[in-house]
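Kindly keep the sequence and the model in view while reading.

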Amino acid sequence: AELTQAAGTSIRTQLLVARLTLQEQRIAVISKQLTDVQAQRAGHDGGIAQMTSRSKQIEDTLRGQMPAEARQQLEREVEAAKGPLKQMQQRSAELSAQESQLSGQLASEQSRWIDFNTRLDEIEREMRDKR
């Protein structure tokens, strides 16, 4: 009976170790994806900030006196920046949503890892108590 119980414990341990290893791999993959998305979003947000700042500078310049030709050129520049700025803002929102999703997945996978690890700790305690 003790041999059967020990064999069962050994099999459970091996299965949990395998699951724990797979969980660690999942966590590593999701963590890398999350880091990549965060870096992309930071880049987009930086670009948005630069474009917004430039548009504000131009608009401030347009409030002053200047030749009509220069005014028209600056107005065209502001208008030309609106499309790309909107696209960048949309992409940044998509990346934020993806970041949120990946953060949730990461938390879930980490929770599963903790569960597997706790179960291994329980088996280890059982084995110590039986000695």
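The numbered points below go from the whole chain to single residues.

1. Basis of the note. This is a predicted model, in which local features need pLDDT of at least 70 and side-chain atom pairs count only at pLDDT 80 or more, while totals for chains, interfaces and linings use all residues. Residues are numbered from 1 along each chain as its sequence is written, and side-chain values use heavy atoms, with hydrogens and water left out.

2. Secondary structure. The protein chain has two helices and zero strands. Here helices (H or I, at least four residues) and strands (E, at least two) are DSSP runs, numbered from the N terminus.

3. Overall dimensions. The C-alpha trace of the protein chain spans about 100 × 20 × 15 Å along its principal axes. Its radius of gyration is 28 Å, whereas a compact globule of 131 residues would have a value near 14 Å. The radius is taken over C-alpha atoms, and the globule rule is 2.2 Å times the number of residues to the power 0.38.

4. Surface and burial. The accessible surface of the protein chain comes to about 9300 Å², and 53% of that surface belongs to carbon and sulfur atoms. Such areas come from the Shrake-Rupley method with a 1.4 Å probe; for residues, only the protein chains shown count as cover. Of the 131 residues, 21% count as buried. Buried means under 20% relative accessible area, exposed means over 50%, and partly exposed lies in between (1.4 Å probe, protein chains only).

5. The protein chain has 19 positive and 19 negative side chains, and the centres of the two sets lie 1 Å apart. Lys and Arg count as positive and Asp and Glu as negative, with His and the chain ends not counted; each charge is placed at NZ of Lys, CZ of Arg, CG of Asp or CD of Glu. Among contacts with a separation of 6 or more, 85% are between residues 24 or more positions apart. Contact means heavy atoms within 4.5 Å.

6. The nonpolar core. Which residues form the largest nonpolar core? There are seven: Ile27, Ile30, Leu34, Val37, Leu95, Leu102 and Leu106. A nonpolar core is a set of buried Ala, Val, Leu, Ile, Met, Phe, Trp, Tyr and Cys residues joined through side-chain atoms within 4.5 Å. In soluble globular proteins, nonpolar side chains tend to be buried together. Leaving aside neighbours within four places in sequence, leucine 106 is in contact with Ile27, Ile30, Ser31 and Leu34.

7. Glutamate 99. Not counting residues up to four places away in sequence, glutamate 99 touches Leu34, Val37, Gln38 and Arg41.

8. Threonine 9 and arginine 12. Both threonine 9 and arginine 12 lie in helix α1. Threonine 9 has a relative accessible area of 10% and is therefore buried, whereas arginine 12, at 41%, is partly exposed. With residues up to four places away in sequence not counted, threonine 9 touches Ile123 and Met127, and arginine 12 touches Ile123 and Glu126. The C-alpha atoms of arginine 12 and arginine 119 are separated by 9.5 Å, although these residues are 107 residues apart along the chain.

9. Glutamine 33, in helix α1, is partly exposed, with a relative accessible area of 37%. Glutamine 33 and glutamine 98 are 65 residues apart in sequence and 9.6 Å apart in space, C-alpha to C-alpha. Lysine 82, in helix α2, is partly exposed because its relative accessible area is 46%. Lysine 82 and methionine 51 are 31 residues apart in sequence, with 9.0 Å between them in space, C-alpha to C-alpha.
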